[in-house]
Structure formats: structure tokens, C-alpha cells
Amino acid sequence: MPADVLNPRALNRALLARQMLLRPAPLPAGPGRAGAVIEMVEHLAGLQAQAPFPPYYGLWSRLDGFRPGDLAELLVSRQVVRIALMRSTIHLVSARDCLTFRPAIQPVLDRSLTAIFGARLAGLDTGALAEAGRALVDAEPRTFSELGALLAPGWPGHDPVALAQGVRTLVPLIQVPPRAVWGAAGQARHTSAEAWLGCSLDPAASPGALITRYLGAFGPATVADVQAWSGLTRLGEVVDRLRPGLRTFRDERGRELFDMPDAPRPAPGTPAPVRLVAEFDNLVLSHADRTRVVSDEHRQRLYTRNGIFPGTVLVDGFVAGAWRIARSRSSAVLTIELFGPVPATDRDAITAEGERLLGFAAAGGTHEIRFGPLA
């Protein structure tokens, strides 16, 4: 095989290396601990977070010694935030990345709003809506239900849900704690990024910088892959402008792949340990062609669970099953559904990794691991 052609296993190992799933990164015990967690969040170009707690599991699988409090403290101290970004989906990102990612991704949110709520917002002065919405959420964090109800009198005849979603698009809204703080509970309440972080978004933010961040975390990749991750379109010209600083490959189907020159690309035969990957993890959601980590058959099985994308089981680097934890006050049960037979040694490794996961997720009480269908 020519050196510039990468087969699926080569792409798989490159992805796992970028995602820190071949070898978790060390997490220092001293003053640099918080900085190391933020560095990982930034290295991953954010973690998908439409459910409150998957980012905790995502960081657990990538940082050796990670504890829930490591992330919870960063949310409370405003060093990381949850905000609508790639694919118009809530992501956990650093405060720094929030200021640059959001303006670069704004066209994705604009397009989503038009597609879903355009008819219900027809004829509306979006500038006035943004101004009124920002004033309300900056006065105090609001749920979307509260925000829509408060906006409705100013725009009679318009759907309050659409009005709130219009503000979500027009104003960068952060979900504030205690939402998504481990061990706490709270409704999704929102304020503006500017109010929460005390500074403005970066007016010079560009999709080019976003693309190089993506390649560092998910490459080598096609233009279609970048678009699938970000939700942005027409990125071919942007990638062409970046081409002099990138390295190019081909996959076995002849598609052009782009990558950062010095990014890791381990040999296809590099061993890949068993891993349990978080629900909604971008590892399995960030390429147009996801066969580098999950077969088409197994991907369909992941998408049949009432909109809940389960945690996944990696065996030899590829998705071989799914997992879910059911918790009560005194117990935690981890159910693992394998999509086919696996060698006994891998099953033992899955069990060991499951025990480690339960120790992280539910330190007290009894633990149980079951193999069988996810209910």
C-alpha cells in the first residue's frame, strides 16, 4: 500500500491517538490539575454535552485519575462552559474556546433556526428580539420556558417557544450551574456568554482556525468529515487556503484526507485497549464516514434507542457494543450489550473496565455488571 494511502485501521489508530484512547493522559495532583483538565477539553475541541453528565465520562476515559469534582469545579468557576456550538448542539468547551468557536459556528445556528422556526418568526425584527432577550437573561438566568413567556407580550401572535429559540440563536447563551454540576441538580437556565465570562466574543474568529483544531483532534479527515462535525458547509475553499500548511493523504476509496503535519499517526497494528466511551461522545459522531470507528451495521444499532446515543464499547479500537448505567441511592448496575461474540480475554477486559467505570460513577453502594440487551 502506498505510504500516502491510509486504510481503515490506520485511520482508527490515528483517531484513537488524538482522542487519548490509546493511552490516557496523566493528570497531575498539584496546582496544575485544573489546567490539565482544561487543556484536554481544548485538545478535544470540546465535548458534546446535550445531556448534563457525559462529559464527565468522556474525560474519565481520557485522563488518568480524573474525578468528577475536577470538572464540576471548572463549571462553577466559569473556566469551562456549556453552550450551543457544533451542529447547533450543546458542547462543553473552555471559556477561551467559547469566545472563538461561537462566532465561527454562528452560520450553523442561523441555518438551524430558519429550518425549524423560520415560519413562526417571519416578519420579526431579529435585532429587537436579540436586544430584549439579552436584557432578560442578563438580568437573571432564565429557562427557555420563562424566556418565551416574558417575550410573548412584546410579539403577540408569535410562538413563545420560537421566540426563545430565536434568542438562543441570536445571543450566545450559556447554561449556568448548578446544571451539569456532578452531585447537583438544576434546570437549564441561560445567560449570555458576555455576561457570564465578562468579555466579548472574538470578532476575528474564522472557520479556518476551527478546521485545524478539528484535524488535531479527529484527523486525518475529508472536507465532508469537517462539515459533519461542525455543521458548517462549503468548507472546500477554506481547506484549500489552508492546504500549504497541511499534509494530505488518500483513503482506500481515493478520497483526499487532510491532516496537521505533526499529528500522531500510529501504525495500523498498534494495540488498542478495551475502552468504555461516553454517551454522545464525539469519537463516534464527528465524521461523515464513521467506519474508522464503527461499522455501518453497528452504527444503526446505536441510533435505535429513542434519541439517546448510548455509551459505546471499543474492542480493538472499534465499536463492539453499548453500555448504560442505572443508579439508585444504594446501587449501580452497568449493563453491557455486545453486538457479537468477542474473545474471552476481551470480555474479561470489558468487565475490568466496567468495574473501573462503576468505581468512578458510583463510589458508594453496591455494584453489578450485567451482559445483555439494553432495556
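**Overall form**

The structure is a predicted model, and its protein chain contains 14 helices together with 15 strands. The radius of gyration is 21 Å, close to the 21 Å that the globule rule gives for 375 residues, so the chain is as compact as a globular protein of that length. The chain exposes about 16100 Å², of which carbon and sulfur atoms supply 55%. As for charge, the mean position of the 40 positive charges and that of the 36 negative charges are 2 Å apart.

In soluble globular proteins, nonpolar side chains tend to be buried together. Here the largest nonpolar core holds 100 residues, and the members that touch the most other members are Leu59, Phe66, Ile174, Leu283, Trp323 and Ile325. Helix H5, which covers residues 95-117, gives the most to this core, with 8 residues. Apart from this core lies another one, of 17 residues, and among its members are Leu113, Leu121, Leu124 and Ala162.

Which residues does Phe66 touch, not counting residues up to four places away in sequence? The partners of Phe66 are Leu27, Arg33, Val37, Tyr56, Leu59, Trp60, Leu71 and Phe360. One of these, Leu59, is also listed with Phe66 among the core members that touch the most others.

**Backbone features**

One joins Pro177 and Pro178, with omega at about 15°, and Pro178 belongs to the loop between strand S7 (173-175) and strand S8 (190-192). Another runs from Gly219 to Pro220, with omega near -5°, and Pro220 is found in the loop that links helix H10 (207-218) to helix H11 (223-230).

Positive phi values also occur in residues other than glycine. Ser88 has a phi of about 60°, and its place is in the loop between strand S5 (80-84) and strand S6 (90-94). Is Ser88 buried or exposed? With a relative accessibility of 13%, Ser88 counts as buried. For Ala180, phi is near 70°, and this residue lies in the loop between S7 and S8, the loop that also holds Pro178. The relative accessible area of Ala180 is 3%, so Ala180 is buried.

**Surroundings of selected residues**

The table gathers the relative accessible area of several residues and the class to which each belongs.

| Residue | Relative accessible area | Class |
|---|---|---|
| Thr312 | 0% | buried |
| Ala180 | 3% | buried |
| Leu6 | 12% | buried |
| Ser88 | 13% | buried |
| Arg179 | 22% | partly exposed |

Thr312 is part of strand S12, residues 311-315. Leaving out residues up to four places away in sequence, Thr312 touches Arg275, Leu276, Val277, Ala278, Leu302, Val319, Gly321, Ala322 and Trp323. Trp323, one of these partners, is also among the members of the largest nonpolar core that touch the most other members.

Leu6 lies in strand S1, residues 5-6. Apart from neighbours within four places in sequence, Leu6 is in contact with Leu11, Pro220, Phe249, Arg250, Asp251, Glu252 and Leu257. Pro220, included in that list, is the residue at which the cis peptide bond from Gly219 ends. Between Leu6 and Gly321, which are 315 residues apart in sequence, the C-alpha to C-alpha distance is 25 Å.

Arg179 has its place in the loop between S7 and S8. Why does Arg179 count as partly exposed? The class of buried residues ends under 20% and that of exposed residues begins over 50%, and Arg179, with a relative accessible area of 22%, is therefore partly exposed. Leaving aside neighbours within four places in sequence, Arg179 is in contact with Pro52, Arg82, Gly186, Gln187 and Ala188. Arg179 and Arg189 are 10 residues apart in sequence, and their C-alpha atoms are 7.7 Å apart in space.

Technical notes. Residues numbered from 1 in each chain as written. Predicted model: local features only at pLDDT ≥ 70, side-chain atom pairs only at ≥ 80, totals over all residues. Heavy atoms only, no water. Helix = DSSP H or I, 4+ residues; strand = E, 2+ residues; numbered from the N terminus. Rg over C-alpha atoms; globule rule 2.2 N^0.38 Å. Areas by Shrake-Rupley, 256 points an atom, 1.4 Å probe, with all protein chains shown as cover. Lys, Arg positive; Asp, Glu negative; His and termini not counted. Charge placed at Lys NZ, Arg CZ, Asp CG, Glu CD. Core = buried A, V, L, I, M, F, W, Y, C linked by side-chain atoms within 4.5 Å. Buried < 20%, exposed > 50% of the residue type's maximum accessible area, 1.4 Å probe, protein only. Contact = heavy atoms within 4.5 Å.
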